[in-house]
Protein chains: 6
Amino acid sequence: MDNRRRMPPAGELRHQSPSNDNQATDNQSQSAEAAAAAAIAAAAADAEAAGLWTQIKAEARRDAEAEPALASYLYSTILSHSSLERSISFHLGNKLCSSTLLSTLLYDLFLNTFTSDPSLRNATVADLRAARVRDPACISFSHCLLNYKGFLAIQAHRVSHKLWTQSRKPLALALHSRISDVFAVDIHPAAKIGKGILLDHATGVVVGETAVIGNNVSILHHVTLGGTGKACGDRHPKIGDGCLIGAGATILGNVLIGAGAKVGAGSVVLIDVPPRATAVGNPARLVGGKEKPTIHDEECPGESMDHTSFISEWSDYII
Amino acid sequence: MDNRRRMPPAGELRHQSPSNDNQATDNQSQSAEAAAAAAIAAAAADAEAAGLWTQIKAEARRDAEAEPALASYLYSTILSHSSLERSISFHLGNKLCSSTLLSTLLYDLFLNTFTSDPSLRNATVADLRAARVRDPACISFSHCLLNYKGFLAIQAHRVSHKLWTQSRKPLALALHSRISDVFAVDIHPAAKIGKGILLDHATGVVVGETAVIGNNVSILHHVTLGGTGKACGDRHPKIGDGCLIGAGATILGNVLIGAGAKVGAGSVVLIDVPPRATAVGNPARLVGGKEKPTIHDEECPGESMDHTSFISEWSDYII
Amino acid sequence: MDNRRRMPPAGELRHQSPSNDNQATDNQSQSAEAAAAAAIAAAAADAEAAGLWTQIKAEARRDAEAEPALASYLYSTILSHSSLERSISFHLGNKLCSSTLLSTLLYDLFLNTFTSDPSLRNATVADLRAARVRDPACISFSHCLLNYKGFLAIQAHRVSHKLWTQSRKPLALALHSRISDVFAVDIHPAAKIGKGILLDHATGVVVGETAVIGNNVSILHHVTLGGTGKACGDRHPKIGDGCLIGAGATILGNVLIGAGAKVGAGSVVLIDVPPRATAVGNPARLVGGKEKPTIHDEECPGESMDHTSFISEWSDYII
Amino acid sequence: MDNRRRMPPAGELRHQSPSNDNQATDNQSQSAEAAAAAAIAAAAADAEAAGLWTQIKAEARRDAEAEPALASYLYSTILSHSSLERSISFHLGNKLCSSTLLSTLLYDLFLNTFTSDPSLRNATVADLRAARVRDPACISFSHCLLNYKGFLAIQAHRVSHKLWTQSRKPLALALHSRISDVFAVDIHPAAKIGKGILLDHATGVVVGETAVIGNNVSILHHVTLGGTGKACGDRHPKIGDGCLIGAGATILGNVLIGAGAKVGAGSVVLIDVPPRATAVGNPARLVGGKEKPTIHDEECPGESMDHTSFISEWSDYII
Amino acid sequence: MDNRRRMPPAGELRHQSPSNDNQATDNQSQSAEAAAAAAIAAAAADAEAAGLWTQIKAEARRDAEAEPALASYLYSTILSHSSLERSISFHLGNKLCSSTLLSTLLYDLFLNTFTSDPSLRNATVADLRAARVRDPACISFSHCLLNYKGFLAIQAHRVSHKLWTQSRKPLALALHSRISDVFAVDIHPAAKIGKGILLDHATGVVVGETAVIGNNVSILHHVTLGGTGKACGDRHPKIGDGCLIGAGATILGNVLIGAGAKVGAGSVVLIDVPPRATAVGNPARLVGGKEKPTIHDEECPGESMDHTSFISEWSDYII
Amino acid sequence: MDNRRRMPPAGELRHQSPSNDNQATDNQSQSAEAAAAAAIAAAAADAEAAGLWTQIKAEARRDAEAEPALASYLYSTILSHSSLERSISFHLGNKLCSSTLLSTLLYDLFLNTFTSDPSLRNATVADLRAARVRDPACISFSHCLLNYKGFLAIQAHRVSHKLWTQSRKPLALALHSRISDVFAVDIHPAAKIGKGILLDHATGVVVGETAVIGNNVSILHHVTLGGTGKACGDRHPKIGDGCLIGAGATILGNVLIGAGAKVGAGSVVLIDVPPRATAVGNPARLVGGKEKPTIHDEECPGESMDHTSFISEWSDYII
């Protein structure tokens, strides 16, 4: 079997893949119609971001009033800013700075990058919605914006990825290093990541250089999308849209996790998983068998976040 | 089988569960006798804490004399303080602060919380003793107090938990976020945790919102007490008194790990484990079989810390 | 079977083990010939280090010119220093400092230790080469020097280990604590580690007090070399030269991983692995069977970094 | 002439001198009546402080609403605190800290001192009122509390003075050093200073060890109350109640500036100035002549702040 | 004599006064011709600033090459920035920040203000030229930009003044306080200051609320432009274009120092000084006598900086 | 009269002038005898420094025991160091650092400079003794070492001066700027300063580029040794050995203050002062008259510190 090829079969990635998405942004020559559509979409995205930002400020204002001890924090990070981009640039600049990489330098870098490419802001909005909807412990957008290391790590990654695509590799890698130090989330700047991502808990997540993650994916902590050795080239997993990757799962090599698939917690996956199938165990096996794996109904487990309904099929406490 | 109900069967949690403990502190109406007994217990706890604090200062003084390069650190964190509560409030305030959450603010918060609820200090004392007794690498109480991220994360969690019970959720969550950033230990403020806890190494521990951990439990690093999806409600594990949870174990859903049970390193547990039974593997199986699992002699594996005596029964290197 | 003894059988550790290496440095009475040879070796090591340092500065200068936003960082960490030892002492001092352990104190400590024992610098050089050769994501030596938390954690560990051997235990443990906080890499100061080590990604690595790691070993993130309980004494794994330990592998107890062996990602290993054998799974099994395990051709998988070629033998997606 | 004696003649210091004030607080044996009166006075002082604190918070809240960029600052310094003492302890702790004297330590020190001696808080209140009434550039109490280096230097001095009287001299001097570094205001910890003091602009003020400053005094920047040489003993000026000392005035030796006297800007004074007289020039001369100096009507020039009405008598531009 | 009026007599202020200058910028309705002229002037100013910035970067690059120990500083403050405004905003943000006023917030504030009002940048350029031409100790523009506290204090003042004119008084005063703490230069935000100003050494300079300083003025350290008491209203000195105010001079009240006048070091001035006259001494007298003061040839002593040529006329060592 | 020449007449500078001293160190070709004498002198200086260092540590240990709140500060600054040079390098590095000039960089710079030139250390020892003997408020050597901004500013100046003489001007000026910011003491790096100097209080002292200060001089705060204009060349005062310069004195131009002379507080001096004469007032006059000035008995007023014995001759309160 050949697990070295890697153009995902048609249909596996229902939404636009992030790699396509990026290419589109970068170099597609748009017709006039497309330009108009894009303008409309951009305006809609702006409106959505503005609405969300209004809500975030309202949440922060409510919390600041209820809790004076936190008000200084909320004003400096949220309430003193005029936009989501400024707020997150400020927050990341202060979180990721060090004595040799000053907060002012990072703030400038984040703000310039967010301002120059609205798609980053749109992805931020989608990620905030993802956390709010999928994580029952997420009590407000502002809570996610300020406190979720997975959310923050991804936003910072998007900036380092942008730098990487602009051939500013040393800067991208320095930022990568700070993200890994501060959040214990290690995403290579070259990795391509979609929108609507939830990195829940996030500590220990590792995503390799040639990994691709689709849209609306949920990934728990300690998940590895790792490589296969010291050879260069395309050597990391591709995660389809809507996938759910359980805590501590290790996926190695240029394998494809099909759209809507689930990988159980603690699984070690080295072979493709078909769309909407479920892989569990170490080594991972497909629920239902490799010949005719069970295909679940959920189109987007990354959104439903059901980790355990396959328990009875899998674990029966027999040695 | 129904793993959604969750009042632990009588006898499974031999000591008072932390949830009961907390309720008692909060709203039990005590008779005069009970009040007298409580006063005696409080005096005894104060005496124990004072004795331990004397010992910690003696250790720190000895180390400061032997190692001038460390003396400044030991004086600022231990020797300049008049009580364990002040020392730990100072140390946590300086460790968990950031440019937007000042050390003075956190110090104030910690000190006020420790001072207002002596049960926190008592739990700190029990945790220090747990580390000193159970971890052969722990060479002194002061070493644990200053350097054990698991110990420090739990003490900070107890404060965030207190804030949570006082409906100061945004502040509790901001503190939670700092603990997760600084120690890579992610314990939801709502989680209830007993006394005499050892989080050994601690990096990567994740404990969900509705999890409960009994007394005298030992939990190694990378352990997850996780949820089952995006539904709200009681959805995280309950760990009985005296349990031992091995490194990298993943326990998901509202399952009960019975008092004195062991969970082997790297196990993935999604179903209840009976008291004093042992679960190992991915998916976890009960040693001895699910019908009649082996019940070990140890009443409190969380204290004996025996990780590997079940090896011969479990792993035999046969594919 | 007895897994408590632990002198590795002859031949299993082809290179000098780090424990021997250290003893040699400390107390071997050398003949005149040996002294001459040592002087020649020292001169060669100096030359190698100087050459590498020249290259690192050239890389940094190139990057500073191409990326002014990063130049300040590159000058302060690399280009303003006259030697590799000064650069790394400066960088670690600034990364590991806290409000109670000042950067100037740590810088002094690192610089004095590196200067007083050239073997540390030599090991640093070997580690830099290991990362550069084995990790396809490592684009330059300077990138590794500045940004690899695994590399930095090991260099800091070597200093804490040196302090430990000088009976400066409280200082060694304070440093250990900072490394664990900042890099989420937890290596006990007493652990003995060889040269040419790659800790790839590194987050969550835990190495216990009596563990020994040979030369030219590669260890992925989330790997545990853990103990067996609360008994003191020799209780942690011994990793032979050239081993490759996959992501999330948990090796517990005083077991021997023979030279050139591989441990698969996510494996839980509690029994010895023969040289050049491969152990996979939870619980781990030997590829080829315990009676006659497959012995691979690679002398040094820690260098070849092949994680997945044993897939077809192991995982076949059958429940 | 003898300028070494120095008990101010009766009547010169109309209000209680600060030295008496302090002694009273410390060791006076009060009769029952006196105790009752003191309790009433204390309650009145508490009420005044509470009222002022309410006003300060209202000012800060108004400013925070009008200026989100400043809200974080206002919340952390004022609005998150429950009392004036906590606010000023926090603010001074953060302003005076250094890498070797941590903010948490200083905060603790300030808070403990303010809490243990209410007379400090009362003096703070009087100083705030002094600035608000006398300085037309002072637009609010909160403005003075946060931004007036003279005000802040005096409050910090009162704490260092308290430490000095408790024979904690090294700590008092370390604090003194920080005040001098941060505010460029150098007041020896032993100097006795009354209430209702305005140090306007304050940069460069120097007050020596045995200096005494009465109540309701206003002192401009660059003013020196200096000594006479290297002999120990009482060697610095005594400033009576209600005096006004102009910018850059230098008063040297154990001289007495009588109650209600004025010293002109830039004057150099080495001999006593009678009550309500005016000294100007270098060397200073008494307006009206030394035999029969002009006695002005103002009882308290320190409050009226009239610097220049004596111009026509003094300066006429003739060489 | 009436020293309360204060419209400077025609001719005394040869250049545009800074107050007029500001009004012009704000609300003058310009004709088309004026608009064209303004556009040309703006372009010229941009070109001049660009040229100066090019030179500053060249100086910094030369210094960075010659002195690696300083290169990090030079890159972070100058070489990594794309314009003078960004460089100075970064530098001031890092110099003036505190634990409660973050560098990122200040950087944002400075950058927004400099960007929104080009006249600030133009004044910065003029001040840089003033220091370079007039101060023989100023060896380069970059030296002044980085190291001259007087220069930096004025640039920060211009921002606080802008905030003041926008009725953002609390923020202006907070900034004012930081400038006074950090640079020991205390300029009230309301004070109006022209272009081409040199504050040499600068420590201890105090400029009151209603003071006005013309263009091309040089002011030495310890100079006070102070008020006359607690009455509100116009109460501080007006310094005409081209004046030179010697070290330690104290000028009090709403007096006018005519264009091109000199005030000798240590002088105390309370009455007007005619244009191109010289006032010296305490109290100040006019050189040549008040009836017919000597009028010197220098049109702009603030540029020639001749402090001492009037010595023989003034001081002859006779008591 | 010509005040532009400036080789001090023989006898005016009794001790070696600092300029000669420095030249000697740099480029004198010593005979064998001289070399032997120098070696003996160096050994004596080493012994004196070692003795003083022992005493400083004893003082600090005593204070640390008496005041635990200060112990951390005393250990980090004094007790953890092995020599006076290391202690002062550490202390200055931490005091003078900023976010763009790191403490580790400055520490390195100070330590290297002190180590490479023992004459700096010897001057430090003489300055410590000067403060201890002359200032009655100086209660211990350690108090001076830690807390005297004048002492610290001079030590830092000596390093910046050394850099200046090595043609490392930009670094010297950056350091100069930090000294001026932090201590409000502004000494140009080129200024030559002798040994046994006391800068008492020190705030506001300004010393120009071509100024020279002899040995055993005492200078109070706000003293200016300033220039005469914008011409380059030798334009600042020369202060002979043993002089005493009172607070706020302003000495301008290339004038010579003869050995053992006194300048009264607040004086403005623009002409030479003969040895052992006293100049007072603004403008300064010689006590006794310019034709036959009074020559006092004190050989070294800088040591006796008598500021005021000349009062009766000078000031008599007559207008």
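Predicted model: local features only at pLDDT ≥ 70, side-chain atom pairs only at ≥ 80, totals over all residues.
Student: What makes α8(A) a mostly covered helix?

Tutor: The count for α8(A) is 16 buried residues out of 17, where buried asks for 20 or more other C-beta atoms within 10 Å. For chain A as a whole, 66% of the 319 residues count as buried.

Student: How do you know that the span of α8(A) agrees with what its 17 residues should give?

Tutor: The expected span is 1.5 Å times one less than the number of residues, so the 17 residues of α8(A) should span 24 Å, and because the end C-alpha atoms are 24 Å apart, the two values agree. Just after α8(A), Ser167(A) takes a positive phi of about 60 degrees.

Student: What makes up the two domains of chain A, and where do they lie relative to each other?

Tutor: The domain assignment gives domain 1 as 34-186 and domain 2 as 191-319, and the centres of these domains of chain A, taken over C-alpha atoms, are separated by 26 Å. Their contact takes 18 residues from domain 1 and 16 residues from domain 2, a residue pair being in contact if the C-beta atoms lie within 7 Å. On the side of domain 1 of chain A that touches domain 2, the elements giving two or more residues are α6 (118-134) and α8 (149-165), and the largest share, eight residues, comes from α6(A). The residues of that side divide into nine nonpolar, three polar and six charged.

Student: What makes up the side of chain A that touches chain B?

Tutor: The contact between these chains takes 44 residues from chain A and 44 residues from chain B. Helices α3 (68-79), α7 (141-147), α9 (169-183) and α11 (311-314) of chain A each give two or more residues to that side, with α3(A) giving the most, five residues. By kind, the residues of chain A on that side divide into 18 nonpolar, 19 polar and seven charged.

Student: Why are β3 and β15 of chain F said to stand at the edges of their sheet?

Tutor: The six strands of this open sheet of chain F run in the order β3-β6-β9-β12-β14-β15, with mixed pairing. β3 (198-200) and β15 (285-286) of chain F each have a single partner strand, so one side of each is left without a neighbour in the sheet.

Student: What does UniProt place at residues 52-156 of chain A?

Tutor: An unreviewed UniProt entry places the feature "domain: Serine acetyltransferase N-terminal" there. In the model, residues 52-156 of chain A are 82% helix and 0% strand, with end C-alpha atoms 20 Å apart.

Methods: Residues numbered from 1 in each chain as written. Chains lettered and ligands numbered in written order. Pairing = 2+ DSSP bridges. Helix = DSSP H or I, 4+ residues; strand = E, 2+ residues; numbered from the N terminus. Buried ≥ 20, exposed ≤ 12 C-beta atoms within 10 Å, placed from the backbone. Domains from an automatic or database assignment. Contact = placed C-beta atoms within 7 Å. Nonpolar A, V, L, I, M, F, W, Y, C, P; charged D, E, K, R; others polar. UniProt positions renumbered as here; feature names shortened; annotations may be inferred.
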